[in-house]
Every structure is written in C-alpha cells, then in structure tokens.
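Open the structure in a viewer and keep the sequence at hand. The tour goes from one selection to the next and says what is found at each stop.

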Amino acid sequence: MVTTVDDLVARAREGVHRPGPEEAHRAWQREEALLVDIRPAAQRAREGRLPGALVIERNVLEWRLDPAGSHRIPEATGYDLPVVLVCSEGYASSLAAASLRELGLHRATDLAGGFVAWAAAGLPTVSEPDGT
C-alpha cells in the first residue's frame, strides 16, 4: 500500500492542537512557547520574517532541539519544552512537529496556516529590504 504525503500530514496532525496565529502570538509573547521559523532563507527573504522568532531551518531542526543531542541550542532545555513551528503554509511544519514528538518533545506543534496565516492576521512581520 502506498502512503501519500497527504496521509503523512493527516497522521502528523491527529490528536494535536495546532494553534492559530493569535493564540501562537500570545503564547510566544508570554514566553509560554518557543516560536521556531523553519523556512529556508530564500523563503524568509521572499515572504518576510517573524520578529523575535528563533530561526532553525528544517534540515537541522532535530539536531538543534533534541535536549539530549550534542548539537542542541541553549533553548532546548527539556522534553517538556512547548515548541510552535512555523513554515510557509503549515504543511512542512506539521511533519517537522511530528518528528520532534518522536524525539520526545511531546508538546511540539505547529502554527495552523503557517506564516501566510500569521501575516494575514495582521501580526508583526519584518520585510527583508535587500532580499537576503
């Protein structure tokens, strides 16, 4: 039997609360969650950035957030860390959050609608004037 990417995304989202833009923004402002932008540099340059969000590109995400890993960042303080991942539209981030949960970060989730929804909600973004 073949599994499609839609199947993988649906499984990744099963039973997981995915906050909308306003809820994620409030949690981040109150320091109740780590907001992590996983988009590649070119996408951030094109779409804009989330001011104050931690940028960890998708290809190194697990290494940086694994609390037991040798390449973790200081913010990776434990398996109870609430993490909200952000991609462009909320698909890649669902898969990435599922991967973090497999590592034991049971509170990892992602932003419903991604950066596009965040910007559409009128929440703060920063443009990259030089395109980088």
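**Rings and a charge**

A search of the whole structure finds 0 aromatic pairs, where rings of Phe, Tyr and Trp (its six-membered ring) pair if their centres lie within 6.5 Å. This is a predicted model, in which local features need pLDDT of at least 70 and side-chain atom pairs count only at pLDDT 80 or more, while totals for chains, interfaces and linings use all residues. Residues are numbered from 1 along each chain as its sequence is written, and side-chain values use heavy atoms, with hydrogens and water left out.

Select R39 and F115. R39 lies over the face of F115, at 4.2 Å from the ring centre. A charge counts as over a ring if NZ of Lys or CZ of Arg is within 6 Å of the ring centre and within 35 degrees of the ring normal.

**The sheet**

Now show the strands. Helices (H or I, at least four residues) and strands (E, at least two) are DSSP runs, numbered from the N terminus. The order β2-β1-β3-β4 describes an open sheet of 4 strands with parallel pairing. Because β2 and β4 stand at the edges with a single partner strand each, one side of each has no neighbour in the sheet. Two strands pair if DSSP finds at least two bridges between them.

Go through the sheet pair by pair:

- β1 and β2 are joined in the parallel sense over 2 bridges; select V36 and its bridge partner in β2, L54.
- Strand β1 (residues 34–37) is also parallel to β3, over 4 bridges; here L35 stands opposite V84 in β3.
- β3 and strand β4 (residues 108–110) are parallel over 3 bridges; D110 in β4 is the bridge partner of L85.

Stay on β3. In a regular strand the side chains alternate between the two faces of the sheet. Are the residues on the faces of β3 buried or exposed? V83 and L85 on one side, and V84 and V86 on the other, are all buried. Buried means under 20% relative accessible area, exposed over 50%, and partly exposed in between (1.4 Å probe, protein chains only).

**The largest pocket**

Next, select H17, P19, E23, A24, A27, E32, A33, P82, V83, V84, R107 and T109, which line the largest pocket. On a 1 Å grid over the protein atoms alone, a pocket is an open set of points where a 1.4 Å probe fits, with protein on both sides within 12 Å along at least five of seven lines; lining residues have an atom within 4 Å of a point. About 170 Å³ of space lies in this pocket, the volume being the space filled by probe spheres set on the points.

Which element gives the most to the lining? α2 does, with 3 residues. Both α2 (21–29) and β3 (83–86) supply at least two residues of the lining.

Select E31, in the loop between α2 and β1. Its phi is near 60°, a positive value in a residue other than glycine. E31 is exposed, with a relative accessible area of 72%.

P51 is in the loop between α3 (41–47) and β2 (54–55). P51 counts as partly exposed, at 30% relative accessibility.

End at A68, in the loop between α4 (61–65) and β3. A68 is exposed, with a relative accessible area of 60%. From A68 to Y79 the C-alpha distance is 9.1 Å, and the two are 11 residues apart in sequence.

How values were computed
Phe/Tyr/Trp six-rings, centres within 6.5 Å; stacked < 30°, edge-to-face > 60°.
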